[in-house]
Amino acid sequence: MVGQPQARVVQALARALQARLDEQGLTLRQAAALTGVNRQAIANLLAGVNWPDVITISRIEDGLGVALWPGGTVPASVAAG
């Protein structure tokens, strides 16, 4: 991700996700169950291994009831509706 300005967005998503998991006291398995996103995909996002696609981000936001996208105040699927 070095040298790509978009990496800052992915890093912000990961920070927001980690903060939400910490706030709710959720494990990766619990987060996966709530969101329908594979536990390893969540772990990879948090570790900066993979860049998530829009569907993955939306599922995580909806499942946890939080906006992860920088500047978002509600999950994007709610804002778009």
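This is a predicted model: local features need pLDDT of at least 70, side-chain atom pairs count only at pLDDT 80 or more; totals for chains, interfaces and linings use all residues.
Residues are numbered from 1 along each chain as its sequence is written, and side-chain values use heavy atoms, with hydrogens and water left out. Local features need pLDDT of at least 70 and side-chain atom pairs count only at pLDDT 80 or more, while totals for chains, interfaces and linings use all residues.

**Exercise 1. Describe helix α1 by its span and its buried residues.**

Solution. 
- Step 1, the element. Helices are DSSP runs (H or I, at least four residues; strands are E, at least two), numbered from the N terminus. Helix α1 covers residues 7-24.
- Step 2, the span. The expected span of a helix is 1.5 Å times one less than its number of residues. With 18 residues, α1 reaches 26 Å from its first C-alpha to its last, close to the 26 Å expected.
- Step 3, burial. Buried means under 20% relative accessible area, exposed over 50%, and partly exposed in between (1.4 Å probe, protein chains only). The buried residues in α1 are Ala7, Val10, Ala12, Leu13, Ala14, Leu17, Arg20 and Leu21.
- Step 4, the cover. The buried residues of α1 are covered by elements including α2, α3 and α4 (54-64).

**Exercise 2. Characterise the packing of α2 against α3.**

Solution. 
- Step 1, the quantities. Two packed helices are described by the angle between their axes and the distance between the axes. Axes are lines fitted to C-alpha atoms, for helices over the stretch in contact, and angles run from 0 to 180 degrees between N-to-C directions.
- Step 2, the values. Helix α2 (residues 28-35) packs on helix α3 (residues 39-47) at about 115°, and the two axes are 8 Å apart.
- Step 3, the residues. Contact means heavy atoms within 4.5 Å. From α2, Leu28, Arg29, Ala31, Ala32 and Thr35 meet Arg39, Ile42, Ala43 and Leu46 of α3.
- Step 4, the classes. Ala, Val, Leu, Ile, Met, Phe, Trp, Tyr, Cys and Pro count as nonpolar, Asp, Glu, Lys and Arg as charged, and the others, Gly among them, as polar. The contact of α2 with α3 has six nonpolar, one polar and two charged residues.

**Exercise 3. Which residues of α3 are buried, and what do they pack against?**

Solution. 
- Step 1, the list. Ile42, Ala43, Asn44 and Leu45 are the buried residues of α3.
- Step 2, one value. Alanine 43 counts as buried because its relative accessible area is 18%.
- Step 3, the partners. These residues pack against α1, α2 and α4.
- Step 4, the ends. At the start of α3, a side-chain oxygen of asparagine 38 comes within 2.6 Å of the backbone nitrogen of glutamine 40.

**Exercise 4. Trace the contacts of arginine 20 and valine 66.**

Solution. 
- Step 1, arginine 20. Apart from neighbours within four places in sequence, arginine 20 is in contact with Leu64, Gly65 and Val66.
- Step 2, the polar pair. A polar contact is a pair of N or O atoms within 3.5 Å; within protein, one must be able to donate a hydrogen and the other to accept it, and residues adjacent in sequence count only if both atoms are side-chain atoms. The arginine 20 side chain reaches the backbone oxygen of glycine 65 at 3.4 Å.
- Step 3, valine 66. This residue is in the loop between α4 and α5 (76-80), and valine 66 counts as buried because its relative accessibility is 15%.
- Step 4, its partners. With neighbours within four places in sequence left aside, valine 66 is in contact with Arg20, Glu61 and Pro75.
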